[in-house]
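Visitor: I am new to this structure and would like to learn how to read it feature by feature. Could you take me through it slowly, giving the general idea before each case?

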Amino acid sequence: MPRLTRLTPDTAVGASRDLLADLASRHGRIGDMVSTMAHSPAVLGGYLQLSRAMKRAELDRRTSERISIAVQTLQGCGLCLDAHVSAARAMGVAEEEIERARAGTSADPAIAAIIALALQVYREPASITDEQVTALREHGYSDRAIADVVGVVALNVLTGAFNLLAGLTPESGTGA
């Protein structure tokens with residue numbers, strides 16, 4: 001059961017009202033997470049800006065979805081995990097690779113390496129080594145793609161932690 005109430009453009013105030021009204025006019029429907037985030041215009045605005053920015057990431061979506069699956073498996077947000085698994089499937093990621101992502105790896109050594117980095121960014125970023133970054137470059141990742149990993153992890157921490165705090169689950173709502 002959700003712990004925080006959903007807001008609408010009619011019930012939100014200030015900047016949140018404006019953000020929700022804009023989203024409703026562009027997309028028609030506003031998901032539970034976004035409408036609940038509207039309690040904090042800072043959180044909602046930050047989420048929307050980071051989400052938009054990460055759409056311009058160099059890291060390809062099939063890889064970023066696998067990173068998201070790995071992070072959400074650890075973080076425990078079922079709503080996020082379901083969304084990322086669905087997105088990965090829609091992009092043609094094989095079920096075996098989705099299961100490997102849940103386990104924090106991939107059959108592809110380059111993808112396994114970038115997922116491992118993402119999980120390290122999530123768990124213990126101070127332990128990242130020069131050798132790891134060099135190995136990622138040897139797998140063909142640019143500095144920009146490597147840096148994008150931090151953005152993917154940050155977006156997942158924000159959405160997952162928010163959904164867990166708000167009590168949003170696959171059974172309670174309609175997603176973002």
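Visitor: How many Å should the 24 residues of helix α9 span, and how far apart are its end C-alpha atoms?

Guide: Please keep in mind throughout that this is a predicted model. Counting 1.5 Å a residue, helix α9 (residues 143-166) should span 34 Å, and its end C-alpha atoms lie 35 Å apart, which agrees.

Visitor: What does the same reading give for helix α3?

Guide: Helix α3 (residues 41-54) has 14 residues and should span 20 Å at 1.5 Å a residue, and its end C-alpha atoms are 20 Å apart, so the two values agree. The buried residues in α3 are Leu 44, Gly 45, Tyr 47, Leu 48, Ser 51 and Met 54, and what covers them includes α1, α2 (32-37) and α9.

Visitor: Is Ser 16 buried or exposed, and which residues is it in contact with beyond its neighbours in sequence?

Guide: Ser 16, which is found in helix α1 (residues 14-27), counts as buried, because its relative accessibility is 1% and the cut-off for buried is under 20%. Once its neighbours within four places in sequence are left aside, Ser 16 is in contact with Ala 38, Ser 40 and Pro 41.

Visitor: How do I read two helices that pass one another, and at what angle do the axes of α5 and α6 cross?

Guide: As a general idea, two packed helices are described by the angle between their axes and the distance between the axes. Here the axes of helix α5 (residues 78-90) and helix α6 (residues 95-102) come within 10 Å and cross at roughly 145°, and the crossing of α5 past α6 is right-handed. On the α5 side the contact is made by Leu 81, Val 85, Ala 88 and Arg 89, while α6 contributes Glu 95, Ile 98 and Arg 102. Sorted by class, this contact of α5 with α6 has four nonpolar residues, three charged ones and no polar ones.

Visitor: How many salt bridges does the structure hold, and where should I begin with them?

Guide: The general idea is that side chains of opposite charge can pair when their charged atoms come close. The structure holds eight salt bridges, and one of them joins the side chains of Glu 65 and Arg 61, at 2.9 Å from N to O. An α-helix has 3.6 residues a turn, so residues three or four places apart point the same way. Glu 65 and Arg 61 are four residues apart in helix α4 (residues 61-75), so about one helical turn separates them. Glu 65 is buried, with a relative accessible area of 6%, whereas Arg 61 is partly exposed, at 48%.

Visitor: Which residue does Arg 100 meet in a salt bridge?

Guide: The side chain of Arg 100 meets that of Glu 97, at 3.0 Å from N to O. Because Arg 100 and Glu 97 are three residues apart in helix α6, they too are separated by about one helical turn. Arg 100 counts as partly exposed at 34% relative accessibility, and Glu 97 counts as buried at 10%.

Visitor: What of the salt bridge between Arg 137 and Asp 143?

Guide: Their side chains meet at 2.7 Å, N to O. Arg 137 is partly exposed, with a relative accessible area of 42%, and Asp 143 also counts as partly exposed, at 49% relative accessibility. Elsewhere, salt bridges that share partners join Arg 66, Glu 97 and Arg 100 into one network.

Technical notes: Residues numbered from 1 in each chain as written. Predicted model: local features only at pLDDT ≥ 70, side-chain atom pairs only at ≥ 80, totals over all residues. Heavy atoms only, no water. Axes fitted to C-alpha atoms, helices over the stretch in contact; angles between N-to-C directions. Left-handed = near helix turned anticlockwise from the far one by under 90°. Contact = heavy atoms within 4.5 Å. Nonpolar A, V, L, I, M, F, W, Y, C, P; charged D, E, K, R; others polar. Salt bridge = Lys/Arg side-chain N within 4 Å of Asp/Glu carboxyl O. Buried < 20%, exposed > 50% of the residue type's maximum accessible area, 1.4 Å probe, protein only. Expected span 1.5 Å × (residues − 1).
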